[in-house]
Amino acid sequence: KTEECTSKTRGSHLLVDQRSRKESYYERAKSMFSPPCGQSHFERVISSSSSSSLSSSQITSTGNYHHQHNTKNALQKRKAPMKLFAHPNKNRMRSNKKAIDNSNKPYTPWALDLALIFNWTDIIDEELREEKKSLNIFLDGANIAWQRGALLRKKFKCRQFPLSAGIIEALNYEHWSNHKVIAYLPKEYVIGELPNLCDGGGLATVNTEHVKYLQNGIWVNEKLKALVDEGKIQLVERKEGGDDDLTIIAEAKAKDAWICSNDQFRDHKNDKSLPFSGGRSLREFSRLRRFECNFLIAPGLDEKMLHAMQSAKGWEPKVGWEFDAFYKEESEKKRRNIVSSSNSSSDDDSNNNSSAHGSGRNDNPGALNGVLPFYAMPHEVLPCYFEPVPTTAMIEAKKLFEKKKDWSPPFVKKE
């Protein structure tokens with residue numbers, strides 16, 4: 001009997017605990033949902049016997065009920081009509097009218113512009129030739145001038161300095177007659193001292209056919225000066241950091257031009273004066289808008305053949321300060337003034353005479369070291385041709401264009 005009593009009391013306690021748990025559960029469920037119109041969703045579902053939308057398992061499980069409630073709200077939000085809001089930055093948004101206008105304009109692929117620059121006859125068609133499209137091509141004059149000097153140095157072991165013939169040949173490239181070609185060149189390459197001047201180098205290596213003496217140690221390259229007067233060369237004031245490169249990049253960006261240079265402009269990736277957001281955008285612009293160049297010498301030319309061509313053309317080099325009459329006269333006056341003002345020995349006189357004619361490497365009388373001045377030879381004696389060279393990305397673009405040139409969308413044939 002005592003055991004039966006204890007079991008009954010235990011069962012009664014369990015029932016009381018279960019009821020209290022259910023009540024606390026209902027209270028917590030009520031607090032989870034907001035009561036619309038004075039009655040909660042939970043109370044409305046419990047009181048209505050005809051509502052069969054929720055099962056008993058869904059009532060006892062708050063997680064399932066909460067999930068169904070959220071999905072219903074999501075469905076209601078999807079059915080609601082979407083509202084279109086304007087972009088806060090109106091300058092970057094384009095209206096539909098502008099988009100339609102731009103779509104009507106003819107679009108020229110990148111490979112076709114490259115075909116006009118490099119004269120790819122397998123890509124250029126008759127319609128493109130008849131249009132005579134004009135492109136803006138900017139030349140890195142300093143880089144091209146040094147490129148030609150480096151080629152002659154490598155082949156003939158002569159002195160190396162910037163040569164004006166490289167710039168002139170690039171400006172007169174036969175396949176660019178319809179394009180607007182401008183060379184950007186530092187000012188000291190046209191007028192200034194001999195070490196920085198094109199066709200200069202020094203008193204013993206200066207090519208007096210192109211370079212003339214002005215006064216006070218200032219020389220001028222008359223060939224390049226004539227092109228400056230014609231507007232084919234733009235002079236740039238070079239300061240620390242290479243402002244000629246910055247000017248070329250900024251002008252090409254503003255005028256949608258192409259750049260001919262072997263310089264990849266990597267040293268300007270952190271320059272904040274350029275119109276780019278960072279080094280990555282500058283690198284991308286250089287990859288799409290910069291192509292390289294090279295100079296080709298006629299094959300089979302050696303010193304023996306050049307001597308024969310030189311004698312056939314009757315050309316004689318005029319290299320050295322002795323061929324410039326004005327500089328020779330001024331140097332003689334300086335030497336006489338130095339000799340008359342100082343009553344020194346003959347050794348001192350010779351030292352003063354050498355200092356009057358400069359003391360650089362290319363100022364010494366034996367600067368050529370018995371080698372012919374190949375850099376001063378004209379095109380008739382030493383044929384050298386300018387050639388634009390595409391980059392790797394441009395060659396891949398040509399291959400892709402040729403692959404898709406004759407492509408047409410496939411259609412299903414009707415039986």
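Biologist: What should I know about the model before we start?

Modeller: It's predicted, so to speak, with ground rules: local features need pLDDT of at least 70, side-chain atom pairs count only at pLDDT 80 or more, and totals for chains, interfaces and linings use all residues. Residues are numbered from 1 along each chain as its sequence is written, and side-chain values use heavy atoms, with hydrogens and water left out.

Biologist: Which residues have the most contacts inside the largest nonpolar core?

Modeller: In soluble globular proteins, nonpolar side chains tend to be buried together. A nonpolar core here is a set of buried Ala, Val, Leu, Ile, Met, Phe, Trp, Tyr and Cys residues joined through side-chain atoms within 4.5 Å; buried means under 20% relative accessible area, exposed over 50%, partly exposed in between (1.4 Å probe, protein chains only). The largest one has 54 residues, and Leu139, Trp176, Phe291 and Leu382 have the most contacts inside it. A second, separate core of 15 residues includes Val236 and Phe265.

Biologist: What does Phe291 touch?

Modeller: Contact means heavy atoms within 4.5 Å. Leaving out residues up to four places away in sequence, the partners of Phe291 include Ile117, Trp176, Trp258 and Met394.

Biologist: Where is Lys157, and is it buried or exposed?

Modeller: Helices (H or I, at least four residues) and strands (E, at least two) are DSSP runs, numbered from the N terminus. Lys157 sits in the loop between α8 (141-156) and α9 (164-171), has a positive phi near 60° without being glycine, and counts as exposed at 59% relative accessibility.
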